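Welcome! Take a moment to look at the sequence and the 3D view, and then we will go through them together.

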Amino acid sequence: MKENDVVLRTVTKIVVFILLTFGFYVFFAGHNNPGGGFIGGLIFSSAFILMFLAFDVRQVLESLPIDFKKLMIIGAMISLLTAIVPIFFGKAFLYQTDAHLHLPLLGDIHVTTVTLFELGVLLTVVGVIVTIMLALSGGKS
């Protein structure tokens, strides 16, 4: 192991945590502010790509219980279902609804179907980007 690898691996552990935290923030802020599923997905993908660059790809894939191809399919299905389900209730395609919930520890929370749609977009983007990068790098996809 070269000295540069030690520095890269040490910094990667910190930066991945920061990227994932920022990705969560951008995702949840997305329906009221700039951001959302697509940008959050790109940030999450960059965290995974950084892990692949700093560590052995096979070790990272073995330690992560994620199949990125299945992740992109699940994300697309979540987005598709969120868009189609309102039709069965007499609403328009991609109709959104919201609610205010009171949770004991978190207080009042505003939830909306847009967040579920954006979750599908996030999962699809992460799955597609990581699968493409693994295919281009010659790693196991």
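At roughly what angle do the axes of helix α4 and helix α5 cross? The axes of α4 (residues 68-84) and α5 (residues 113-137) cross at roughly 155 degrees and come within 7 Å. Please keep in mind that this is a predicted model, in which local features need pLDDT of at least 70 and side-chain atom pairs count only at pLDDT 80 or more, while totals for chains, interfaces and linings use all residues. Residues are numbered from 1 along each chain as its sequence is written, and side-chain values use heavy atoms, with hydrogens and water left out.

**The chain as a whole**

- The chain has 5 helices and 2 strands; helices (H or I, at least four residues) and strands (E, at least two) are DSSP runs, numbered from the N terminus.
- Starting at the N terminus, the order of elements is α-α-α-α-β-β-α.
- Along the principal axes, the C-alpha atoms fill a box of roughly 60 × 35 × 25 Å.
- Of the 141 residues in the chain, 30% are buried; buried means under 20% relative accessible area, exposed means over 50%, and partly exposed is in between (1.4 Å probe, protein chains only).
- Among contacts (heavy atoms within 4.5 Å) between residues at least 6 apart in sequence, 61% join residues at least 24 apart.

**Helices α4 and α5**

- Their axes are lines fitted to C-alpha atoms, for helices over the stretch in contact, and angles run from 0 to 180 degrees between N-to-C directions.
- The two helices, α4 and α5, are therefore roughly antiparallel to each other; angles under 35 degrees count as roughly parallel, over 145 as roughly antiparallel, 65 to 115 as roughly perpendicular and the rest as oblique.
- The crossing of α4 and α5 is left-handed; this word applies if the near helix is turned anticlockwise from the far one by less than a right angle, and right-handed applies if clockwise.
- Residues making this contact include Phe68, Leu71 and Ile78 of α4, and Phe117, Gly120 and Thr124 of α5.
- By class, the contact of α4 with α5 has 13 nonpolar, 8 polar and 1 charged residues; Ala, Val, Leu, Ile, Met, Phe, Trp, Tyr, Cys and Pro count as nonpolar, Asp, Glu, Lys and Arg as charged, and the others, Gly among them, as polar.

- The 18 residues of α2 (residues 37-54) should span 26 Å at 1.5 Å a residue, and the end C-alpha atoms of α2 are 26 Å apart, which agrees; the expected span is 1.5 Å times one less than the number of residues.
- Buried residues of α2 include Gly37, Ile43, Phe44 and Met51.
- The axes of α2 and α5 come within 8 Å and cross at roughly 35 degrees, and this crossing is right-handed.
- Among the residues making the contact are Gly41, Phe48 and Phe52 of α2, and Val121, Leu122 and Met133 of α5.
- The contact of α2 with α5 divides into 14 nonpolar, 4 polar and 1 charged residues.

- Ser45 lies in α2 and counts as buried because its relative accessibility is 2%.
- Leaving out residues up to four places away in sequence, Ser45 touches Val125, Val126, Ile129 and Val130.
- Arg9 lies in helix α1 (residues 3-29) and, at 27% relative accessibility, counts as partly exposed.
- Leu94 is in the loop between α4 and β1 (98-103), and its phi is near 65 degrees, a positive value in a residue other than glycine.
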